[in-house]
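I opened the model and kept a running notebook. The entries below follow the order in which I looked things up.

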Amino acid sequence: MSKFELRTKRLLLRDLQIEDLAQLHSYACREEVVRYMEWGPNTEDDTRSFLAHSIEMNNRNPRLDYELAIVLEAENRILGGGGIHVSNRANNEGWIGYCFHDHNWGKGYATEFARALVEFGFDELNLNRIFATTDPDNAASQHVLKKVGMKHEGSMREHKLVRGAYRDTELFAVIKRDYQSSREP
Ligand SMILES: CC(C)(COP(=O)(O)OP(=O)(O)OC[C@H]1O[C@@H](n2cnc3c(N)ncnc32)[C@H](O)[C@@H]1OP(=O)(O)O)[C@@H](O)C(=O)NCCC(=O)NCCS
């Protein structure tokens, strides 16, 4: 049963459902899609576990996690998945992440999604700071984050051990003050 829904111009962002497995797995298993992710390529069991964990997180009360299917509403088709998570309620801090099937790259969907989540995070989740992290080589994602108002705050050296090698992580964030002034007429 889907509870959360958020609409943008082209997208419906809704809670993940167990029935989404095949569409999620169609990209989570692809090497080119997960190149800069710390997980994958997934087996079907990996994707099933991710889905079960996401549904469980989404159902917690109070709700801190929104792990969502990103649906192209006109075609009722899942383009990818992503979400926003309140990682520190005491400091009103959260983070966003996303992953799209490569068939859907380059059409502005990630920017539309990230913008909607940043807005939701500040306006509805009462966050003061929203961050995201990327692989240093993930230029497309870094571009998306800058387009939605995030600033590069630094690099964390050898921050993650991914598929047997340490990788640096780039940290991006936007704070409410900047977000509000960027919306003033
Ligand atoms: C990163 C990702 C979400 C981008 O999705 P997308 O749908 O292509 O994003 P958008 O179309 O909204 O915007 C991409 C922007 O980056 C730009 N871009 C694409 N490739 C680029 C590159 N190699 N260098 C610099 N900019 C690049 C595009 O031109 C576009 O900017 P523009 O609208 O100003 O022209 C997508 O590639 C993806 O899902 N990758 C796999 C998972 C992943 O890496 N997720 C992010 C983890 S941090």
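Entry 1: I am working on a predicted model. I started at Q180, which sits in helix α6, residues 176–183. Is Q180 buried or exposed? I counted 10 other C-beta atoms within 10 Å of Q180. The cut-off for exposed is 12 or fewer, so Q180 is exposed.

**Entry 2: helix α4.** I checked the length of α4 next. The helix has 15 residues, and its first and last C-alpha atoms are 21 Å apart. That is close to the 21 Å expected at 1.5 Å a residue. I listed the buried residues of α4 as Y109, A110, F113, A114, A116, L117, V118, G121 and F122.

**Entry 3: the ligand.** Which elements supply at least two residues each to the shell around the ligand? I found β5 (93–100), α4 (109–123) and α5 (139–147). α5 gives the most, with five residues. I counted 21 residues around the ligand, and A110, T111, A139, A140 and H143 come nearest. A110 is also on my list of buried residues in α4. By class, I noted 12 nonpolar, eight polar and one charged residues in the shell.

**Entry 4: helix α3.** I ran the length check on α3, residues 44–58. At 1.5 Å a residue its 15 residues should span 21 Å, and the end C-alpha atoms are 21 Å apart, so the two agree. The buried residues of α3 are T47, F50, L51, S54 and N58. Why do I say they line one face of the helix? Seen down the axis, the buried residues fall within an arc of 100°, so they line one face of α3. The face turned away from that side carries the exposed residues D45, S49 and E56. I also looked for what covers the buried residues of α3, and found β2 (11–15), α1 (21–28) and β3 (65–72) among the elements that do.

**Entry 5: a residue in β2.** I picked R14, which is found in strand β2. I counted 20 other C-beta atoms within 10 Å of R14. Buried needs 20 or more, so R14 is buried.

Entry 6: I traced the pairing from β3 onward. β3 and β4 (residues 77–88) run antiparallel and are joined by eight bridges. D65 has H85 of β4 as its bridge partner. The two strands form a hairpin with four residues between them, and N76 in the turn has a positive phi of about 50°. β4 also pairs with β5 in the antiparallel sense, over eight bridges. Here I noted G80 with F100 of β5 as its bridge partner. β4 and β5 form a hairpin with four residues between them, where N92 in the turn has a positive phi of about 50°.

**Entry 7: β7 and β8.** L161 stands opposite Y166 in β8. The hairpin of β7 and β8 has two residues between the strands, and R163 takes a positive phi near 45° there.

Note on methods. Residues numbered from 1 in each chain as written. Predicted model: local features only at pLDDT ≥ 70, side-chain atom pairs only at ≥ 80, totals over all residues. Expected span 1.5 Å × (residues − 1). Arc of directions from axis to C-beta. Contact = placed C-beta atoms within 7 Å. Pairing = 2+ DSSP bridges. Near = placed C-beta within 6 Å. Nonpolar A, V, L, I, M, F, W, Y, C, P; charged D, E, K, R; others polar.
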